Amino acid sequence: MKDLRKIMNDLTEIEAKSLLYYFFLNIERLDNGEYSKEQFVHDTMKEYQELIEGYTKKMNDDFGDQLSHVHVMFGDSSAGGLKFALKQMGLRSLHHVMVLRDNYAVGPMQQLNTPDGRNCRREWFRDRMNLHDADDNFMYDEYFINKVVAEIVRIPEHIPITIWTGNNALEQIGVRYALNLFRNKSNPIYVINTAVDSHTLFDTPELTIDYRHTGEINPEKLGQIMKHNECKAAITRTQREAFEQEWLNLSGESSVLRIWEQQEVIHVNEDYYDQYIIETVSKLHSNFGNHEFIKSARVIGEVIGNLEQLLTDSFFEHRLRQLIYSGILEIKGVPKAMRYYCVRLKI
């Protein structure tokens, strides 16, 4: 019990939430009849054993002799989905999943390879976003970046690495950043574009689904995408160098907002979506048939729900507050979090 308490205390908040998420996901599957009680108990025990074994491996600072593959995912939702898929395929103990949690579409990227650059990015977020204490570090805090660098160094040179991406600025910039981190590694590296493969594998004449992020794809489909890429060739040294150069170009720009359009990263002004936010508020006024105050969470949910690009609610809340400060929107309440205030167009 003492060891278990230490393990739980050493988990980050994000890791603990991820563990809790999969426990509740299995309960839901059990409740829906997709799971037997015996299988639930078996998988829960297996999760417990993997937690203990994972901690032991971390303490030994070694990936273990059984490691056969490393995956790089951007965000906990996509990483969690792949872990679940690997577990269903019986590969969880052989495949290690690295998670890069930063949102590369938003915020300054200049000199991100340096402590000063990461500090600048961290302060930019803290000055503008309503972030929880556990969320305001992401990947640019020195503690987290040092953990990632140490993890990369420990990957044996013969182990293949697969980087998963999609058609969005976050994951596309993420691929380039990850390849920059791996620039001194000679491992074979593969890149999977889940947006492209999902159309190839799952579209029908009656239904086409555009996934904005790998995290939107369920584990079963992620497993199929992984199998589909088993015979795919690793990217060449020339391709790797091209990605690395693109990262250097991106990290040299002074923009703080980037979108993915026509198969490339586009730098746009920070207020790029302000007019869209204003139009969304106006549409909600029309839908409600009045000019009353609207919950800010409702506005932001509407903005994100109808947007093809992948951006966070914290970014749009930041822009909503800027529209309040500039006098375009009126506020009722205190803007310390979305649930505490409402907005409307200024008459």
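What covers the buried residues of helix 8? The cover includes strand 3 (161-165), strand 4 (189-193) and helix 9 (219-228), with contact meaning heavy atoms within 4.5 Å. This is a predicted model, in which local features need pLDDT of at least 70 and side-chain atom pairs count only at pLDDT 80 or more, while totals for chains, interfaces and linings use all residues. Residues are numbered from 1 along each chain as its sequence is written, and side-chain values use heavy atoms, leaving out hydrogens and water.

**Overall fold**
- The chain has 13 helices and nine strands, taken as DSSP runs (helices H or I, at least four residues; strands E, at least two) and numbered from the N terminus.
- Its radius of gyration is 22 Å, close to the 20 Å that the globule rule gives for 347 residues, so the chain is as compact as a globular protein of that length; the radius is taken over C-alpha atoms, and the rule is 2.2 Å times the number of residues to the power 0.38.
- The C-alpha trace spans about 65 × 55 × 50 Å along the principal axes.
- Among contacts between residues at least 6 apart in sequence, 67% join residues at least 24 apart.

**Burial**
- Of the 347 residues, 46% count as buried, meaning under 20% relative accessible area (1.4 Å probe, protein chains only).

**Helix 8**
- Within helix 8 (residues 194-202), the buried residues are Thr194, Ala195, Asp197, Ser198 and Phe202.
- Viewed down the helix axis, the buried residues of helix 8 fall within an arc of 165°, so they line one face of the helix; the arc is that of the directions from the axis to the C-beta atoms.

Definitions and conventions. Buried < 20%, exposed > 50% of the residue type's maximum accessible area, 1.4 Å probe, protein only.
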